Amino acid sequence: MVELMLRLAPEEGYTESLLDGVTFMRANRPLPSTPALYEPSIVIVIQGRKRGLHDGRLYVYDAQHYLVLALPLPFSIETEASAAEPLLGLALRIDPLLVAELAIGLDGASPPAPATLCSSPLDARLSEATLRLLEALAEPDEARLLGPSILREIVFRVLQGEQGGGLRATLAQGSHFGRIARVLRRIHSDYPQ
């Protein structure tokens, strides 16, 4: 994954991928604590480490942990990286329509406890899906034809994991996610498949 990321994010900073909503991150040096406002997203670090501080709590996300922000939240982030081992990662913007559609399909499953910001261990299935997404994003045709379905799988895996509760909780609230979920549920009940 590191080799793919070095090719996909050749420059320091943020690089748009061939798939809408997926952005690569690269830092070649440590960055001190900086205020940030991430949009709702899934952040997967391939190499290096980020620390986020929100409301007195510390969240670490690295090659073994991913971060989910169910809602836009301000927090401070610090980056561990070096020229020899740059921070490499990707941010997957959360599409409320996709989350609502998948959550409706999982209605029979009991959701994990809700959280709007959480760092969780990266399991083998999510890691494998991330590798497949990176491989697809390295080729224009694969990015266009396979990328959306792999991205869908990643969101599905997150919804099934311990961070799924945070995403589902936003659907139940009066947020933009919640309004979309209610419309989809209404459509789903009016037109069963």
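Here is a short chat about this predicted model.

Visitor: Hi! What should I know about the model and its numbering before we start?
Guide: It is a predicted model, where local features need pLDDT of at least 70, side-chain atom pairs count only at pLDDT 80 or more, and totals for chains, interfaces and linings use all residues. Residues are numbered from 1 along each chain as its sequence is written, and side-chain values use heavy atoms, leaving out hydrogens and water.

Visitor: At what angle do helix α3 and helix α5 pack?
Guide: About 160 degrees, with the axes of α3 (residues 124-137) and α5 (residues 147-160) 9 Å apart. Helices here are DSSP runs (H or I, at least four residues), and strands are E runs of at least two. Axes are lines fitted to C-alpha atoms over the stretch in contact, with angles from 0 to 180 degrees between N-to-C directions.

Visitor: So are they roughly parallel or antiparallel?
Guide: Roughly antiparallel, the word for angles over 145 degrees.

Visitor: Which residues make the contact?
Guide: Contact means heavy atoms within 4.5 Å. Among them are Leu126, Ala129 and Leu133 of α3, and Ile150, Leu151 and Ile154 of α5.

Visitor: Changing topic: where is His65 found?
Guide: In strand β7.

Definitions and conventions: Parallel < 35°, antiparallel > 145°, perpendicular 65-115°, else oblique.
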